[in-house]
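Work through the exercises below with the sequence and the structure side by side, and try each task before reading its solution.

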Amino acid sequence: MTGEEFQGSVRKWLATARHPVTNKLYTEMVYQPMLELLSYLRANGFKTFIVSGGGIDFLRAFAEDTYGIPPEQVVGSSLKARYEVRDGKPVIVKLPEVNLIDDKAGKPVGIYQHIGRRPIFAAGNSDGDFEMLQWTTAGGGPRFGLLVHHTDPKREWAYDRDSLSVDSTRPWRQRRRRAGR
């Protein structure tokens, strides 16, 4: 399918699809503290990006309306694409071949390829963000890496590794030690 056809199908799905537990539209289930952080960063001169393991074309369909982040500031997993002319009209066609998995070690690669510079601030919310935070904080000058580890199913969705354990920060600390931090 073309990129435009895909965007249309995503927007149509997002307009009606509801979470099976909360019955809310998925675009209504945005983590409020992240919206507040994005707003704060933009108000203080930062250019904000989404760097996600999710599909870049899927995220671009709603990132601007939901997060205030325009499509060109979205980095995500991607499929290969090619240029074609269909019925006399130039289009970009999505191919069934992986281009980049923007998760774990793929996140710094995606940032490098799409943004072209190492961030000075990065915030993540899963184990898949570790390498992005590691790469961000290894740069010169002031750097900051933030991990919001979702482990409390009573106050927020618990979806990360060891989410239900009593001391769920312990695996993160062990992983950081192994990485030399």
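**Exercise 1. Decide whether Phe-121 is buried, partly exposed or exposed, and do likewise for Phe-144.**

Solution. The classes come first: buried means under 20% relative accessible area, exposed means over 50%, and partly exposed lies in between, with a 1.4 Å probe and protein chains only. Phe-121 has a relative accessibility of 23%, so it counts as partly exposed. Phe-144, with a relative accessible area of 43%, is partly exposed.

This is a predicted model, in which local features need pLDDT of at least 70 and side-chain atom pairs count only at pLDDT 80 or more, while totals for chains, interfaces and linings use all residues. Residues are numbered from 1 along each chain as its sequence is written, and side-chain values use heavy atoms, with hydrogens and water left out.

**Exercise 2. Describe how the rings of Phe-121 and Phe-144 are arranged, and find which elements they belong to.**

Solution. Rings of Phe, Tyr and Trp (for Trp, its six-membered ring) pair if their centres lie within 6.5 Å; planes under 30 degrees apart count as stacked, over 60 as edge-to-face, and the rest as tilted. By this rule there are 6 aromatic pairs. In the pair of Phe-121 and Phe-144, the ring centres are 5.4 Å apart and the planes stand at 20°, so the pair is stacked. Phe-121 belongs to strand 4 (residues 121–124) and Phe-144 to strand 5 (residues 144–147), so the pair ties together parts that are 23 residues apart in sequence. The strands named here, like the helices below, are DSSP runs numbered from the N terminus (helices: H or I, at least four residues; strands: E, at least two).

Other rings can be located as well: Trp-13, Tyr-26, Phe-58, Phe-62 and Tyr-67 form one aromatic cluster. The charged end of Lys-94 sits over the ring of Phe-6, 4.4 Å from its centre, where the rule asks for NZ of Lys or CZ of Arg within 6 Å of the ring centre and within 35 degrees of the ring normal.

**Exercise 3. Trace the surroundings of Lys-107.**

Solution. Begin with its place: Lys-107 lies in helix 5 (residues 106–114), and with a relative accessible area of 4% Lys-107 is buried. Next, list its contacts, where contact means heavy atoms within 4.5 Å. Not counting residues up to four places away in sequence, Lys-107 touches Val-51, Ser-52, Gly-53, Asp-102, Gly-128, Asp-129 and Met-132. A polar atom of the Lys-107 side chain lies 3.3 Å from the backbone oxygen of Val-51.

Finally, widen the view to the helix. The buried residues of helix 5 are Gly-106, Lys-107, Pro-108, Gly-110 and Ile-111, and they pack against strand 1 (50–55), strand 2 (74–86), strand 3 (89–100) and helix 6 (130–137). Just after helix 5, Gly-116 takes a positive phi of about 85°.

**Exercise 4. Identify the residues of the largest nonpolar core.**

Solution. A nonpolar core is a set of buried Ala, Val, Leu, Ile, Met, Phe, Trp, Tyr and Cys residues joined through side-chain atoms within 4.5 Å. The largest one has 11 residues, namely Val-10, Leu-14, Leu-38, Ile-50, Ile-56, Leu-59, Ala-61, Phe-62, Ala-63, Ile-69 and Val-74. Helix 1 (3–16) and helix 3 (56–60) are the elements that give two or more residues to this core. Apart from it lies another core of 7 residues, among them Val-51, Ala-122, Leu-133 and Leu-147.

Technical notes
A polar contact is a pair of N or O atoms within 3.5 Å; within protein, one must be able to donate a hydrogen and the other to accept it, and residues adjacent in sequence count only if both atoms are side-chain atoms.
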